[in-house]
Amino acid sequence: MLIDFHTHAFPDKVAEKAIPKLAGIGGIEAYGDGTVSGIISRMDEWNVDRAVILNIATNPKQQTNVNNFAIEINRTSDRLYALGSLNPDSDCIKEEARRLRDAGIRGVKIHPDYMERTIDDEKFDAVFAACVENDMFAVTHSGWDFISPDFIHCTPERILKVLQKFPSLKLVAAHMGACRQWDEVERLLIGKNIWIETSLAPIFDLDKAQCARMIKNHDPNKILFGSDFPWYRSDLEYEYVDSLELSDEL
Ligand SMILES: [Zn+2]
């Protein structure tokens with residue numbers, strides 16, 4: 001069973017505008033049209049059995065709509081698991097977390113660069129507390145992102161502060177712990193109580209020996225396979241991971 005833990009999709013009308021816009025800002029290629037049906041057809045092509053769709057409420061006003069979209073995907077697909085999103089500046093984080101949990105949503109995605117707050121900003125405390133209270137996990141974008149190239153809102157140092165403040169939080173740090181900050185990840189996060197997901201490692205040329213070392217030194221139950229589709233391809237991500245010197249079991 002191959003699960004791609006990091007993918008994105010938008011409602012069809014939004015995808016039409018959002019994909020070219022984001023591709024333009026980032027100067028990157030999109031490998032899909034950003035729709036839910038687009039993900040399914042790529043999954044069939046690349047032998048991906050299940051995908052987790054990470055939705056982001058980039059501002060408090062979007063939170064309800066973004067979460068309605070996630071709930072609808074979860075309700076209608078047996079191969080897609082959509083995550084909700086909680087914005088740190090929302091004034092109904094508690095209630096929204098409960099609504100997500102009651103709808104069967106298992107976790108939320110946050111993106112500190114888009115949300116314009118560092119992950120250890122006190123404003124995120126309510127988000128993490130709501131996750132713990134409702135037994136939901138949080139996935140965070142971590143490390144460098146083109147949306148805020150000169151200031152990284154989620155660094156390994158800041159993640160460590162969150163882990164210390166919320167020891168029972170289930171936190172997933174995308175992009176091998178922090179995109180393009182892999183020496184710091186190795187020093188500060190490997191071996192800690194955090195889930196790490198593989199996406200962007202091949203795009204930003206994470207050295208394969210370093211990537212394999214990070215995976216071997218971490219809890220094998222806390223490593224997740226993710227591609228960041230449509231910003232990369234699940235099949236090429238798989239090729240990268242498969243080319244690492246790891247035991248078959250791992
Ligand atoms: Zn992503």
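Which residues touch the most other members of the largest nonpolar core? Of its 65 residues, Leu83 and Ala173 do. A nonpolar core is a set of buried Ala, Val, Leu, Ile, Met, Phe, Trp, Tyr and Cys residues joined through C-beta atoms within 7 Å. This is a predicted model, where local features need pLDDT of at least 70, side-chain atom pairs count only at pLDDT 80 or more, and totals for chains, interfaces and linings use all residues. Residues are numbered from 1 along each chain as its sequence is written.

**The core**
- Leu83 touches residues including Val52, Ile53, Ala70, Ile105 and Val139, not counting residues up to four places away in sequence; contact means C-beta atoms, placed from the backbone, within 7 Å.
- In soluble globular proteins, nonpolar side chains tend to be buried together.

**The sheet**
- Five strands form an open sheet in the order S4-S5-S6-S7-S8, with parallel pairing; strands (E, at least two residues) and helices (H or I, at least four) are DSSP runs numbered from the N terminus.
- Strands S4 (107-110) and S8 (223-224) are the edges, each pairing on one side only; to pair, two strands need at least two DSSP bridges between them.

**Helix H9**
- In helix H9 (residues 234-242), the buried residues are Ser234, Glu237 and Val241; buried means 20 or more other C-beta atoms within 10 Å of a residue's own, exposed means 12 or fewer, and partly exposed lies in between, with C-beta atoms placed from the backbone.
- Seen down the axis of H9, these buried residues fall within an arc of 60 degrees, so they line one face of the helix; the arc is that of the directions from the helix axis to the C-beta atoms.
- Exposed Glu239 and Asp242 sit on the face of H9 turned away from its buried side.
- Strand S1 (3-7) and helix H2 (36-46) are among what covers the buried residues of H9.

Key:
Contact = placed C-beta atoms within 7 Å.
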